[in-house]
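These are my notebook entries on a structure that I am consulting for the first time. I record what I looked up and what I found.

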Amino acid sequence: MTRTVLDEHLRWSLLSHLRNARTVTDDLFQLVQPEALYDRPIPERHRIVFYLGHLEAFDWNLICAGAFGMDSSQKEFDRLFAFGIDPTSGDLPDDKPSDWPPEREILQYNRNVREAVDRCLNYASNDQIFWVAIEHRLRHAETLTYMLHWLPFEAKQTQIFSLEPQAGRVASRQVEIPSGVATLGMPRGAAFGWDNEFDAHHAHVPAFLIDMYKVTNGEYLEFVRAGGYEEPSLWSSEGWEWVAGSGTWYPKFWLPQGGGWLYHTMFADIPLPLSWPVYVSHAEAQAYARWKKKSLPTEAQFHRAAFATPDGAERLYPWGTCVQSAGTETSPFTAGIQQLWMRTLPATAHSELVDSQAMAGNGPPRPSHHFRVLRPYLFTQGTRRGFLTGGITS
Ligand SMILES: [Fe+2]
């Protein structure tokens, strides 16, 4: 059977998105001082060097070897950078820097894989695996950004950046999400899905109210001042065990300073920006919500908030039914990462809820607001991951 290669426009679009995504991750790795490449900023995660090879190993295994049956000349790298090195004892990784190949060998491997992937694109008849590779890379860009935030300033290349003027205080607002069905997950065999996305199922969600804006540092500061970290009844048993055991009484990237607070950003400590969204763990978010006599949204409520239409139905994306509006070359992932890794935007900057509700009316599409509300991550106790986003419900 003759294979039909991709339409020329689609092929160029894929190549453009792929190269943009590579630039995003290349820029992130460039931030790391050479001697810090083999560091492990977060004890539970791999060393940074793993991710340097992982992105290309994923592309090779998925596209070149998986879809095109190409033979690899560096099978040990294909495997090492697909899975990493298993811990020899306990749960935490215990590999040594010397267990990993030199940077120059990894960069050569990456160059070889990129050339091979680009060649495959010329003969591809299916675009889906390339979108998967792009999404995979951009998701790692997001987690790499998070990981590099933990890296000491001296381990990063100095960056010059400017701070936006702080937004004024915004009155808290809630919107009502009508009752209806939330479709969670996806059916097997229909399209590519990540392993935790199967199967499709439906949940009926009663009407509820949800905050329109993210919780800010200023709002969270009231919780800290009110002794939120000293009140066991606000915390889950696991959360309290962590707070009490670690002596934690404020968020990870806050620094007490002379009766006030500094905020530890990616490149500098600055006065705590009260209008920025607070950056806390799930346990902290949950305790804050209880203190406000509200609760965090369930996954089904998140979906309703993002995808519901006023008549109770669902749309494919918060902004409509198309993946991307015609003429927009910046992907939603790329736009978000570019904004987030240099600075945090005010809590009101992107409200998926505002967009979701606005798009249900007659409002035109707004490409810069293409942020899909993702399903919440699973948080492990003791690690401080993720933003408190999407509001709280009552
Ligand atoms: Fe990955």
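**Entry 1: a loop with a cis peptide bond**

I began with Asp199, which is placed in the loop between β2 (180–184) and β3 (201–205). I note at the outset that this is a predicted model. The peptide bond that leads from Phe198 into Asp199 is cis, and its omega is near -10 degrees. I set beside this the general rule that most peptide bonds are trans.

**Entry 2: the protein as a whole**

I next looked up the overall make-up. The protein has 11 helices and seven strands. It consists of 394 residues, of which 30% count as buried. I also checked the contacts with a separation of 6 or more: residues 24 or more positions apart account for 77% of them.

**Entry 3: helices α1 and α5**

How do α1 and α5 pack? I found an angle of about 20 degrees between helix α1 (residues 8–30) and helix α5 (residues 128–150), with the axes 9 Å apart. An angle under 35 degrees counts as roughly parallel, and α1 and α5 are therefore roughly parallel to each other. The crossing in which α1 passes α5 is left-handed.

I then listed the residues that make the contact. From α1 they are Leu14, His17, Leu18, Ala21, Val24, Thr25 and Leu28. On the α5 side I noted several, including Phe130, Ile134, Arg137, His140, Ala141 and Leu148. Sorted by class, the contact of α1 with α5 comprises 12 nonpolar, four polar and one charged residues. I recall that an α-helix has 3.6 residues a turn, so residues three or four places apart point the same way.

**Entry 4: a sheet of three strands**

Which order do the strands of the open three-stranded sheet follow? I read the order as β5-β6-β7, with antiparallel pairing. The edge strands are β5 (254–257) and β7 (269–271), each of which pairs on one side only. On average, neighbouring strands of this sheet are turned by 35 degrees against each other, direction ignored.

I examined one pairing further. Strand β6 (residues 260–264) and β5 pair in the antiparallel sense over four bridges. Gln257 has Gly260 of β6 as its bridge partner.

Eight of its 10 residues are buried, so α8 is largely enclosed by the rest of the structure. The buried residues are His282, Ala283, Glu284, Ala285, Gln286, Ala287, Tyr288 and Ala289. I looked up what they pack against, and found α6 (217–225) and α7 (237–246).

Just after α8 comes Lys293, with a positive phi of about 60 degrees. Lys293 lies in the loop between α8 (282–291) and α9 (299–307). I note that most residues other than glycine have a negative phi. Is Lys293 buried or exposed? Lys293 counts as exposed, because it has 8 C-beta neighbours inside 10 Å.

Notes:
Residues are numbered from 1 along each chain as its sequence is written. This is a predicted model: local features need pLDDT of at least 70, side-chain atom pairs count only at pLDDT 80 or more; totals for chains, interfaces and linings use all residues. Axes are lines fitted to C-alpha atoms, for helices over the stretch in contact, and angles run from 0 to 180 degrees between N-to-C directions. Helices (H or I, at least four residues) and strands (E, at least two) are DSSP runs, numbered from the N terminus. Angles under 35 degrees count as roughly parallel, over 145 as roughly antiparallel, 65 to 115 as roughly perpendicular and the rest as oblique. A crossing is left-handed if the near helix is turned anticlockwise from the far one by less than a right angle, and right-handed if clockwise. Two residues are in contact if their C-beta atoms, placed from the backbone, lie within 7 Å. Ala, Val, Leu, Ile, Met, Phe, Trp, Tyr, Cys and Pro count as nonpolar, Asp, Glu, Lys and Arg as charged, and the others, Gly among them, as polar. A residue is buried if 20 or more other C-beta atoms lie within 10 Å of its own, exposed if 12 or fewer, and partly exposed in between; C-beta atoms are placed from the backbone. Two strands pair if DSSP finds at least two bridges between them.
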